[in-house]
Amino acid sequence: MRRLLRPLLGAVLVTQLLTVTASAADPGSFKGVWTSTDTDGSFQMLIVSGGATPSVTFEDFYASACERFGGPATHWVSAGEGTVDGDVLFVAFHKSGCGSFSIGAYEGAWLYQAGSDTLIDSDDIVWTRLR
């Protein structure tokens, strides 16, 4: 959950964005269910619909920020809309939180790596396609 408090694009993602080749990912490359392990060890899921402006749902099944808030819920859910620009999925989340804890709107970005069919977020976390 520390990702929510960091700037939109970390130094690693910016470096990768600058080295992206001219061949951009097809907007459909992002479609699917993606999973990763957060920096605090929790399971995360990213659900992306198809198209150039997909709907996106992000879930962190144990959000340490929610625990620090003191609420009983620790399952974080965010809903938003994405924009595909080349190999990058930018997402504006408009609804987010766990239980009564919410941070409101925020943004995120994921870089698609065609060779490994993975995503990399601004915390340098690798996301693998579940389906």
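**Figure 1. Strands S7 and S8 at the end of the chain.** In this predicted model, strand S7 (residues 118-121) pairs with strand S8 in the antiparallel sense, and three bridges connect the two. One of the residue pairs across these strands is isoleucine 120 with valine 126, the latter being the bridge partner in S8. S7 and S8 form a hairpin, with four residues between the strands. Aspartate 124 lies in the turn of this hairpin and has a positive phi of about 65°. Strand S8 (residues 126-129) also runs antiparallel to strand S1 (residues 32-37), to which two bridges join it. On this side, tryptophan 34 has arginine 129 as its bridge partner in S8.

Figure 2. Threonine 118 is a residue of strand S7. Is threonine 118 buried or exposed? Threonine 118 counts as buried, because its relative accessibility of 10% falls under the 20% limit for buried residues. Its side chain takes part in a polar contact of 2.7 Å with the side chain of serine 116. Leaving aside residues up to four places away in sequence, threonine 118 touches Trp34, Leu111, Tyr112, Gln113, Val126, Trp127 and Thr128. Among these neighbours, Val126 is also the bridge partner of isoleucine 120 in S8, and Trp34 is bridged to arginine 129.

**Figure 3. The nonpolar core around leucine 46.** The largest nonpolar core of the model contains 22 residues. Which residues have the most contacts inside this core? They are Leu46, Trp76, Leu119 and Trp127. Several elements each supply at least two residues of the core: strand S2 (43-48), strand S3 (55-60), helix H2 (64-69), strand S4 (76-85), strand S5 (88-97) and strand S6 (106-113). Leucine 46 touches Gly32, Val33, Trp34, Val56, Thr57, Phe58, Trp110, Leu119 and Trp127, when residues up to four places away in sequence are not counted. Two of these neighbours, Leu119 and Trp127, are themselves among the residues with the most contacts inside the core.

**Figure 4. Aromatic rings at phenylalanine 93.** The model has 10 aromatic pairs. One of them is formed by phenylalanine 58 and phenylalanine 93, whose rings are tilted, with 6.5 Å centre to centre and 55° between the planes. This pair links distant parts of the chain, since phenylalanine 58 belongs to strand S3 and phenylalanine 93 to strand S5, 35 residues apart. Phenylalanine 58 is buried, with a relative accessible area of 0%, and phenylalanine 93 also counts as buried, at 2% relative accessibility. Phenylalanine 93 forms a further aromatic pair with tryptophan 110, and this one is edge-to-face, with 6.3 Å centre to centre and 85° between the planes. Here, too, distant parts of the chain are linked: phenylalanine 93 in strand S5 and tryptophan 110 in strand S6 are 17 residues apart. Tryptophan 110 is buried, with a relative accessible area of 1%. Ring pairs link Phe58, Phe93 and Trp110, together with Tyr106 and Trp127, into a cluster.

**Figure 5. Strands S4, S5 and S6.** Strand S5 pairs with S4 in the antiparallel sense over nine bridges, and S5 pairs with S6, again in the antiparallel sense, over six bridges. Valine 77 has glycine 97 as its bridge partner in S5. S4 and S5 form a hairpin with two residues between them. Glycine 86 lies in the turn of that hairpin and has a positive phi of about 65°.

**Figure 6. The whole chain as context for the close-up views.** The protein chain has two helices and eight strands, which follow the pattern α-β-β-β-α-β-β-β-β-β along the sequence. Of its 131 residues, 44% count as buried. When contacts between residues at least 6 apart in sequence are considered, 47% join residues at least 24 apart. The accessible surface comes to about 6500 Å², and carbon and sulfur atoms account for 57% of that surface.

How values were computed
Residues numbered from 1 in each chain as written. Predicted model: local features only at pLDDT ≥ 70, side-chain atom pairs only at ≥ 80, totals over all residues. Heavy atoms only, no water. Core = buried A, V, L, I, M, F, W, Y, C linked by side-chain atoms within 4.5 Å. Buried < 20%, exposed > 50% of the residue type's maximum accessible area, 1.4 Å probe, protein only. Contact = heavy atoms within 4.5 Å. Areas by Shrake-Rupley, 256 points an atom, 1.4 Å probe, with all protein chains shown as cover. Pairing = 2+ DSSP bridges. Polar contact = N/O pair within 3.5 Å; in protein donor to acceptor, adjacent residues only side chain to side chain. Phe/Tyr/Trp six-rings, centres within 6.5 Å; stacked < 30°, edge-to-face > 60°.
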